[in-house]
Amino acid sequence: MNVNTESVLKDALAAEADMVDVSEDPWAGFERRERAHKRRRRTALAGVVVALAAAGGVQAGVVPLPSWVPAVRVAGFNAVLGDGPVRGSLAGDKAFLEGLRREIKDIEDPGETWRVADRQAIRFVYAADVGDERLVLALVPLRFGFLEDRALVWYAGEAGAPATELLESGRVDGGEPVVTYGQTRSDGPGILVVVGPVGSTVSVSQGFRYTPEGTVEHGPAQQQPAGTGLAEMTLPPAPTPPETKATVTLGPDTIYEGGVGGGWAGNAYDPHEVSEAMVTAALGGRTFDRATLQSWITGAIRDARVTAAGTAITLRWTGTVNGQPAALLTIQPKGGGVLAYAYHGAADSYRQDLRLLLPVKGAAERPIAWRLRADGKDDRTDQVVVTAPSGAQKVTLEIGGAAPAPVTLDATGAAVVAVPPFAAAQVTAYGKNGVVLGTTPVPPFETSSGGLPGDTPLTRVVG
């Protein structure tokens, strides 16, 4: 239950490290200290743990845990959203909410069951009918053996449904200050709900475009009723999963800014799937596995949240990375910027190594480089793949403030060079007579790939 919290913290520490000169990922040191802290914290319970475990295995849930045994709190106890009154159109329906309190089930995770610790301690945060759905957000106390947690859990059903028909429909750590819910479809209206702290104000923007200058431009912000901490919206039908962004402010502070997660019910066809003709055009005279390339192009188009129709595709480079087929390709939605993607692997098992938004001007003349993680792991390596644009006579690599060093390219027009994982670097390509064709930074490792490419400084090049 605390995996998400650790993942978020790990990414945050890594992101901070990207901005400073440190010799290693700070997560490792933090993790060592945290393990030691947990060991000390649990020492006081050791005698009880050993006795009960020997008696039958409390942690596995086989033996009931005595009420007098203290629990180890793992997450979710800074519950901002549990402090205020219930909000939403069903906030006053006490009979419905009490009925749901009785119906809330234990949470089943792979290999473990988190049981509702105290049903009377369940706090309802939000309850309403929105569009054709009935939604309830509850802060639920949970216990798994000696571990204690709290989670914010969505329960959903059809509008007007009784408590007995609502089912769990997603959950996050109980300490999250903002929770979102979204369901959209291609053949009918969808819904969007954002719940922030009482007193906060939510703004929502729908849609986006990649500008020719290499930036992401979101739709105009629609501010919801000030101070309610809520956004409750019906959304028009969407032929592809829509990109919706929420911003939540509390006084002068922005406490949340990001996408609204949720599901999408699509058409019978996939609007991201590229045709055989598009693959043929992208390949030109190159020899490369068609199924693999089709899979990678489709993945890039899906990741960019655009459709195959109207998107230009260019295969910039093919070769190998760590002994596996690899490619660098660009996609450009009509009237938009250029997005570069790098992959290596196979059609059904591959790694996306790069996604980078570039300005249209000069995109074809830029050298493009990307960092590699260890295959099968998330560990950062010092390996960087450098690729040259067509017509380049020379490519140089500049690490930090050091003098540019020439890069020796192989027959495919690429090279693998060593760059410290946290060091800033850039590559420059030169044409005939030493003319500079273009210079491109080596992007830092991306700490989270859930948002739009180009929506953060880690995934865009401007200028």
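**Entry 1**

I took strands as DSSP runs of E with at least two residues, and helices as runs of H or I with at least four, numbered from the N terminus. The model is predicted, so I noted its limits: local features need pLDDT of at least 70, side-chain atom pairs count only at pLDDT 80 or more, and totals for chains, interfaces and linings use all residues. Residues are numbered from 1 along each chain as its sequence is written, and side-chain values use heavy atoms, with hydrogens and water left out.

β8 (residues 179–185) and β17 (residues 263–265) run parallel, joined by 3 bridges. Strands pair here if DSSP finds at least two bridges between them. β9 (residues 190–195) runs antiparallel to β8, with 5 bridges between them. One of the partners I looked up there is I191, which bridges to Q183. A hairpin of 4 residues links β8 to β9.

Is β8 enclosed or open? I found 5 of its 7 residues buried, so β8 is largely enclosed by the rest of the structure. Buried means under 20% relative accessible area, exposed means over 50%, and partly exposed lies in between (1.4 Å probe, protein chains only).

**Entry 1: T180**

I then picked T180, which sits in strand β8. Its relative accessibility is 19%, so T180 counts as buried. What does T180 touch? Leaving aside neighbours within four places in sequence, I listed W154, V193, V194, Y256, V260 and G261. Contact means heavy atoms within 4.5 Å.

**Entry 2: strand β23**

Next I went to β23 (residues 380–387). I counted 6 of its 8 residues as buried, and the strand is mostly covered. Which strands pair with β23? β22 (residues 368–373) pairs with β23 in the antiparallel sense over 5 bridges. β26 (residues 414–418) is also antiparallel to β23, again with 5 bridges.

W370 stands opposite V385, and V416 in β26 is a bridge partner of V385. The hairpin of β22 and β23 has 6 residues between the strands, and G376 in it takes a positive phi near 80°.

**Entry 3: helix α5**

I turned to the helices. In α5 (residues 276–283), V279, A282 and L283 are buried. Seen down the axis, the buried residues fall within an arc of 95°, so they line one face of the helix. That arc is taken from the directions from the helix axis to the C-beta atoms. A277 and A281 are exposed on the other side.

What do the buried residues of α5 pack against? I found α6 (290–303) and β18 (311–321). G284 follows α5, and its phi is positive, near 60°.

In α4 (residues 94–103), F96, L97, G99, L100 and R101 are buried. The buried residues of α4 pack against β4 (123–130) and β5 (133–144).

F96 gave me one more item. R134 lies over the face of F96, at 4.8 Å from the ring centre. The rule for a charge over a ring is NZ of Lys or CZ of Arg within 6 Å of the ring centre and within 35 degrees of the ring normal. I also noted K394, whose charged end sits over the ring of Y430, 4.7 Å from its centre.

**Entry 4: aromatic rings**

Rings of Phe, Tyr and Trp (its six-membered ring) pair if their centres lie within 6.5 Å; planes under 30 degrees apart are stacked, over 60 edge-to-face, and the rest tilted. By this rule the count is 10 aromatic pairs. The rings of F288 and W296 have centres 5.8 Å apart and planes at 55°, so this pair is tilted. F288 and W296 are both buried.

**Entry 5: the whole chain**

Last, I stepped back. The chain has 6 helices and 28 strands. Of its 463 residues, 45% are buried. Among contacts between residues at least 6 apart in sequence, 59% join residues at least 24 apart. The chain exposes about 22,100 Å², with 53% of it supplied by carbon and sulfur atoms. Those areas come from the Shrake-Rupley method with a 1.4 Å probe, and for residues only the protein chains shown count as cover.
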